[in-house]
2 protein chains.
Amino acid sequence: MKKVTMADVAKLANVSKSTVSQYLNKRYEYMSEETRKRIAEAIEELGYQPNIIARSLKQKTTATIGVIVFNMLHMMTTQVLHAIEEECQKRGFQVIVCNSGDDPDKEKTYVDTLLAKQVDGLIVFPTGKNEDVYRRLVEERFPLVFVDRMVPGVEADSVLLDNAGAAEMAVQYFASYGRDRIAIVTPPHVSYNVPRMERLEGFRAAMEKRGFEVGDQNVIAAEPAALPGELKKRFMESERPNALFAINDLTLMGVLRFVKDAGVRVPDEVAIINIDDVPFADIYTPALTTIAQPTFAMGKKAAERVFEQMKAKKADGPRVFRFSPVLMERTSIKREKA
Amino acid sequence: MKKVTMADVAKLANVSKSTVSQYLNKRYEYMSEETRKRIAEAIEELGYQPNIIARSLKQKTTATIGVIVFNMLHMMTTQVLHAIEEECQKRGFQVIVCNSGDDPDKEKTYVDTLLAKQVDGLIVFPTGKNEDVYRRLVEERFPLVFVDRMVPGVEADSVLLDNAGAAEMAVQYFASYGRDRIAIVTPPHVSYNVPRMERLEGFRAAMEKRGFEVGDQNVIAAEPAALPGELKKRFMESERPNALFAINDLTLMGVLRFVKDAGVRVPDEVAIINIDDVPFADIYTPALTTIAQPTFAMGKKAAERVFEQMKAKKADGPRVFRFSPVLMERTSIKREKA
DNA sequence: TTGTATGCGTTATCAG
DNA sequence: CTGATAACGCATACAA
C-alpha cells in the first residue's frame, strides 16, 4: 500500500521533515538547489503523495465545500451543481454532494456531518425547515448560501430566481398574444416552499394588474401525477382556459400529458408556457416557449458568495440575489400574434 | 466560532479526554452511569461537535468516496450518481463529486487530489485514458470501479450496459415490425469509447445475423450538432432508411430535430428507437420507444462493489458487470406490427 | 539554509 | 471504570 510519508521522503533525501514541508509548499527560497533536487528525486522514487487530511487538521481548512440538495435528479439542480463544481475546480476546491430528498431530518444530519468533516462552506438547496440549524450557522458566520429556496427566519445569502418576475413574464407573454383566460398549473401549495408561493402570488398580481380574473378555477393545483386528471376536469367546465402556465418542468409534463390524451390543440385551443427550460422544447410540436432559469449564472454566484464569505470574516449582511428569468421564445405561438 | 474540542468537554465533565472518546464511540460499558451523564451534559452545553478530520488522521479512513464523471450534465450520470449517493448515505459515507469534462488531464488531477484527500474508494466514469494512473491503483488494491466506460489495459471492476445486447434489442425490435432498412445514428467513432464502439459492433452483428445489409450508408456518424444535416443528406439518397437507431439520447435529439424539420412522418416513414430513456418519451407524438439503461441498479452496484473491495483486502479479481437494457415499448410503432 | 520541537483533535494502548 | 501518554502526518515557530 502507500503509507509513504513525509518522514520517509526526508530520510531518503537526507533532510528533515520541515525541509520537505517547505518544498511541498513551494518555498524554494529556503533551500539550496542541491537539496531541492534531492527531495524531488526522493518524492519521485517513493511515489510520495501528501496527506491532505493531516494538512487540514493543522491548517483548519479542507478546501472542500458541502452542497446539500433536496432533489438531485432535478435538472435545475444538476445544472447549478455543475456550475458550482466548476467554480470550485478553478480554486482547487472539491465538492461533497448530499441529497436530502426533501427530508428535513436528513438535511439536518447532513449539515452536522459536513460540519464535522470541516467543510469550509455550505451551499444548500433547503427543504425550508431546520431554521434553528441554519440560524446558528449564520450567527457563527459560517459561510452559507441558499439556492432556489429560502429558509424562513434565516438571514443568509440566497440565490433565487425572480419568481414574481417569471410569473409576470408568463402572463405578459400570453397577454401579448391576446390570451385572457390564463390558468396556473402548480403542485399543491406549501407554505415554506418559497418559489412555489412566489410564482403563484406573482401570477395573481400579474393577472390583476391586467384586469384578468383569477378565481379558484384558474389555479389548478395537484400532485404531478394527478395533474392530467385535474386538467381534464377543468376543461370540461365552461370558460376553458386558453392558456396554461406551468410553474415548473414537472407540472409541464402533466400539462403535456393532458393535451396529448385529451387531444387539445396547442396552441390553437390552449397556449402553454412554463418555468424551467426543457431539452425537448425545440423538437416538440409545436416548439415550446419556456421561461428559463439562468442556472449556470446562479450556480456560479452561489459558489462565489461562499468564497467571498470565506475570506471576508466580517459578515457584510445577508444578501438576496434575484436572477432574471429568460424568455426562450419559440415558434409555437408566434403565428397568431395579436 | 466553534473551537470547542474534546478537551473542553473533558474539562467541563471532569473526566479525561479518553473517557470522552469512549463515550463518543458508544463504548458505554467502560464507564459509570454517572460520568456518562456528565459527559452528555457537557457536550450538550458546549454544543460540541467532533472533528472528523482528526479522527480520520488517526484511523486512516475518511468515510468518503470520490466520484469522477466525464459529464455531469448527462442524465444517465445524474441518475447513477443519485443511486451512488443513496448507497453511501445508508452506510454513513459521503461523496465527493468531480467533473472531468472528458478531459484526461483534469481526470488525472482529480484522482491525485482525491487520493491525497484520503478517500476510501473511487468510482469513475472514465475518459478512457490515464491507463497508468488506474493501473497503479489496481496494483495497490485501491477500491476502484469504472462505470459506463472502461479503460483499455486496466483490469478493474466495471459496471456497464450490455451494449451489444442493446443494439441487438433495437434491431430485433425493428425487425419484428418488418423494418429492414435500418440505420444507426451515432457520434463519430472514437477507439477508446467503449460503449460507442460496442453499440456499433453490436448493431453490425445484429444486422448481419438477419441478413440485413449494413454498408456505410447505414452508419450515420457525426457530431450531434451536425446530425440533422447528415440525416437530411442521407434521406435524399435512394434507399432511405425506414428505421433509425440512435445510440444515445443526444443523437436522438438530432434525429428528432431532423424528422421535425424535414417533415418525415414517424413511424410511418421512419421508425425510431434509441438507447437512454428520455423524460418526454411519453408525451412526444408518437410516444417514443426507448431502450433504457437500468441506471439506478448500475449506480447501486458500483457503490456496492467499492464497499466490497474496501473490506475484502484480497482482490477477488476484476469483474465486469453487464446490465441488461430494458425495452420501454411505447405506442409509436405498435399499430403497424407485421 | 536546515533542523528541532510542538501542536492540530482524535483514538488507542496501557497502566492504575 | 478511568486517565496519562503516545501516535496519526503535516506545518510552523524558533533555533542553529
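Three cavities of 30 Å³ or more are found when the whole structure is searched. The model is a predicted one. The largest cavity holds about 190 Å³ of space. Its lining comprises 16 residues, and those closest to its centre are A:Ile53, A:Thr64, A:Lys117, B:Ile53 and B:Lys117. Helix α4 (52-59) of chain A and helix α4 (52-59) of chain B each contribute at least two residues to this lining.

Strand β2 (residues 94-99) of chain A pairs with β2(B) in the antiparallel sense, over three bridges. Within this pairing, A:Val95 has B:Val97 in β2(B) as its bridge partner. Inside chain B, β2(B) also pairs with strand β1 (residues 64-69): the two run parallel and are joined by six bridges. Here B:Ile65 is the residue that stands opposite B:Val95 of β2(B). The two strands of chain B belong to a right-handed β-α-β unit, in which helix α5 (residues 75-90) of chain B accompanies β1(B) and β2(B).

Because six of the six residues of the strand are buried, β2(B) is largely enclosed by the rest of the structure. The buried state refers to a relative accessible area under 20%.

Attention may now pass to helix α9 of chain B, residues 194-209. This helix has 16 residues and spans 22 Å from its first C-alpha to its last, close to the 22 Å expected at 1.5 Å a residue. At the start of α9(B), a side-chain oxygen of B:Asn193 comes to within 3.1 Å of the backbone nitrogen of B:Arg196. The buried residues of the helix are B:Val194, B:Pro195, B:Glu198, B:Arg199, B:Leu200, B:Gly202, B:Phe203, B:Ala206 and B:Met207. B:Asn14 is a residue other than glycine, yet its phi is positive, near 60°. This residue is found in the loop between α1 (6-13) and α2 (17-24) of chain B, and B:Asn14 is exposed, with a relative accessible area of 65%. B:Arg141, likewise not a glycine, has a positive phi of about 60°. B:Arg141 lies in the loop between α7 (131-139) and β4 (144-147) of chain B and counts as partly exposed, at 43% relative accessibility.

One joins B:Val266 and B:Pro267, with omega about 0°, and B:Pro267 has its place in the loop between α11 (249-262) and β9 (271-275) of chain B. Another joins B:Thr285 and B:Pro286, again with omega about 0°. B:Pro286 lies in the loop between β9 and β10 (290-292) of chain B.

How values were computed:
Residues numbered from 1 in each chain as written. Chains lettered and ligands numbered in written order. Predicted model: local features only at pLDDT ≥ 70, side-chain atom pairs only at ≥ 80, totals over all residues. Heavy atoms only, no water. Helix = DSSP H or I, 4+ residues; strand = E, 2+ residues; numbered from the N terminus. Expected span 1.5 Å × (residues − 1). Buried < 20%, exposed > 50% of the residue type's maximum accessible area, 1.4 Å probe, protein only. Polar contact = N/O pair within 3.5 Å; in protein donor to acceptor, adjacent residues only side chain to side chain. Pairing = 2+ DSSP bridges. Right-handed = clockwise from strand over helix to strand, strands pointing away. 1 Å grid on protein atoms, 1.4 Å probe; cavity = no way out; pocket = protein on both sides within 12 Å on 5 of 7 lines; lining within 4 Å. Points joined across faces, edges and corners; volume = space filled by probe spheres on them.
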